[in-house]
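User: Hi! I'm new to this one and would like a friendly tour. Could you walk me through it, starting wherever you like?

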Amino acid sequence: MLPSLYRGFSSWLSASPTSPLKVMAVKDLVENSISENKIVVFSKSWCPYCRRAKNLLTSKFPEAKTKILELDELQEGDAIQDYLREKTGQRTVPNIFISQKHVGGCDAVVALDAQDKLATLVSA
Ligand SMILES: N[C@@H](CCC(=O)N[C@@H](CS)C(=O)NCC(=O)O)C(=O)O
């Protein structure tokens, strides 16, 4: 009885989509990615807006430390997207951070570029 209860609890701790351990791991992954990189793009590999934003950022700032996470290729991708929605209020990808600041999606990055504000943000 007890061992099976324990097994149930420990498998819930580690395996359920919303288990506390998974939520903590996802939070750490997102927060460490943001703090350790200049540019972070939470993306999906098939998404055209993501492609446009990635192309713009990587071609304009090839020297900037950049991390791109393709959520559709990661086991914890849905949980990352849920955490990002909680953190930023944004549900869509790309979800972009520059110099530890939440910038938004593709439209936001394109608009900042058109206003010549992107380079200042990257060098902040
Ligand atoms: N206006 C947004 C459009 C982004 C958008 O519509 N992304 C789609 C994928 S192409 C999305 O996130 N759909 C919901 C999902 O994949 O969960 C932007 O500029 O980033």
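Analyst: Happy to! Let's begin at D116, which sits in the loop between α5 and α6 (118-122). Keep in mind that this is a predicted model.

User: What is the phi of D116?

Analyst: D116 has a positive phi of about 55 degrees, although it is not a glycine. Most residues other than glycine have a negative phi.

User: And is D116 buried or exposed?

Analyst: D116 counts as exposed because its relative accessibility is 63%, and the cut-off for exposed is over 50%.

User: OK, what about Q100, what's its phi?

Analyst: Q100 has a positive phi too, about 70 degrees, and it is not a glycine either. You'll find Q100 in the loop between β3 and β4 (101-104). With a relative accessibility of 44%, Q100 counts as partly exposed.

User: Let's zoom out. How many helices and strands does the chain have?

Analyst: There are six helices and four strands. Going along the sequence, they follow the pattern α-α-β-α-β-α-β-β-α-α.

User: What size of box do the C-alpha atoms fill?

Analyst: Roughly 65 × 25 × 25 Å, taken along the principal axes.

User: How much of the chain is buried?

Analyst: Buried residues make up 39% of the 124 residues. As for the accessible surface, the chain has about 7500 Å², and 56% of that belongs to carbon and sulfur atoms.

User: And the contacts, what share of them join residues at least 24 apart?

Analyst: If you take contacts between residues at least 6 apart in sequence, 61% join residues at least 24 apart.

User: New topic: the ligand. Which residues are around it?

Analyst: The residues around the ligand are K44, W46, C47, P48, Y49, Q81, T92, V93, P94, G105, C106 and D107. They divide into seven nonpolar, three polar and two charged.

User: How much of the ligand does the protein cover?

Analyst: On its own the ligand has 510 Å² of accessible area, and the protein covers 74% of that. The elements that give two or more residues to the shell around the ligand are α3 (48-60) and α5 (106-114).

User: Back to Q81 for a moment. Where is it?

Analyst: Q81 is in helix α4 (residues 77-88). It counts as buried because its relative accessibility is 17%, and buried means under 20%.

User: What does the side chain of Q81 make a polar contact with?

Analyst: With the side chain of K44, at 2.9 Å. Leaving out residues up to four places away in sequence, Q81 touches K44, L71 and R91. K44 is also one of the residues around the ligand.

User: You listed V93 and P94 as well. Is the peptide bond from V93 to P94 cis or trans?

Analyst: That bond is cis, with omega near 0 degrees. Most peptide bonds are trans. P94 lies in the loop between α4 and β3.

User: Last one: is K54 buried or exposed?

Analyst: K54 is buried, with a relative accessible area of 14%. It belongs to helix α3.

User: And what is K54 in contact with?

Analyst: Setting aside neighbours within four places in sequence, K54 is in contact with V41, S43, K44, S59, I68 and E70.

Note on methods. Residues are numbered from 1 along each chain as its sequence is written. This is a predicted model: local features need pLDDT of at least 70, side-chain atom pairs count only at pLDDT 80 or more; totals for chains, interfaces and linings use all residues. Side-chain values use heavy atoms; hydrogens and water are left out. A residue is near a molecule or strand if one of its heavy atoms lies within 4 Å of it. Accessible areas come from the Shrake-Rupley method with a 1.4 Å probe; for residues, only the protein chains shown count as cover. Ala, Val, Leu, Ile, Met, Phe, Trp, Tyr, Cys and Pro count as nonpolar, Asp, Glu, Lys and Arg as charged, and the others, Gly among them, as polar. Buried means under 20% relative accessible area, exposed over 50%, partly exposed in between (1.4 Å probe, protein chains only). Contact means heavy atoms within 4.5 Å. A polar contact is a pair of N or O atoms within 3.5 Å; within protein, one must be able to donate a hydrogen and the other to accept it, and residues adjacent in sequence count only if both atoms are side-chain atoms.
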